[in-house]
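Here is a short briefing for a first look. It covers core packing and aromatic rings.

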Amino acid sequence: MTDHPTYSDAVMNLQRYLRRLVIFETDRNIRTVPIDGIFGERTKEALIEYQRTRGLPITGRTEKLTWDTLFAEYERDIRTNDRRMFPDFFPTSPKNYQTEFGEESAFIKILQFILHELRISFDSLPPFEQNGIFDGDTSLAVKEFQRIHMLPITGRVNRDTWNAISDAYNAYARNTY
């Protein structure tokens, strides 16, 4: 990441703040938005809904009043609902489980979501599609994560790699959400 925030960084913060309101059940009326740094239609719709439900001018833009209100609510929610630890979704069977190429499961969706979120902290993680399938691009992201964390570089996720991913995500979540 650079030392100077960009438009994309600002949009990612907006998306993060809006997403927290949904994830931690502060506001179920707002659509979940991707944290991708792109001010697309879903982000705009979520922002308009936020403005509408808070009695703010409905502009679809993050002018100062909207930004200040959203950030204050985000900070208040962090203080009130500090849910730091990410639950353990690692499969318990079969014994010695590790991901397989072509595997399609809820666990792979969770893994991809977490790795995508960690790209904010570890900018050397390559981009990949969050499609719920353990494919070559996901494996490349896992390999880079393993390299960074000095784990055996297999490109597959076993218990040790998962624990490192969970620890990294928990550290990220403490500083982000």
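This is a predicted model: local features need pLDDT of at least 70, side-chain atom pairs count only at pLDDT 80 or more; totals for chains, interfaces and linings use all residues.

Residues are numbered from 1 along each chain as its sequence is written, and side-chain values use heavy atoms, leaving out hydrogens and water.

**Leu115**
- Leu115 is found in helix 4; helices are DSSP runs of H or I, at least four residues, numbered from the N terminus.
- Leu115 counts as buried because its relative accessibility is 0%; buried means under 20% relative accessible area, exposed over 50%, partly exposed in between (1.4 Å probe, protein chains only).
- Leu115 and Ala141 sit 26 residues apart in sequence, and their C-alpha atoms are 7.4 Å apart.

**Cores**
- The largest nonpolar core has 26 residues; such a core is a set of buried Ala, Val, Leu, Ile, Met, Phe, Trp, Tyr and Cys residues joined through side-chain atoms within 4.5 Å.
- Helix 4 (106-118), helix 5 (136-148) and helix 6 (159-176) each give two or more residues to this core.
- Helix 6 supplies the largest share, seven residues.

**Aromatic rings**
- There are eight aromatic pairs; rings of Phe, Tyr and Trp (its six-membered ring) pair if their centres lie within 6.5 Å, with planes under 30 degrees apart stacked, over 60 edge-to-face and the rest tilted.
- Tyr17 and Phe71 form a tilted pair, 5.5 Å centre to centre with 55° between the planes.
- Tyr17 is in helix 1 (residues 7-23) and Phe71 in helix 3 (residues 64-80).
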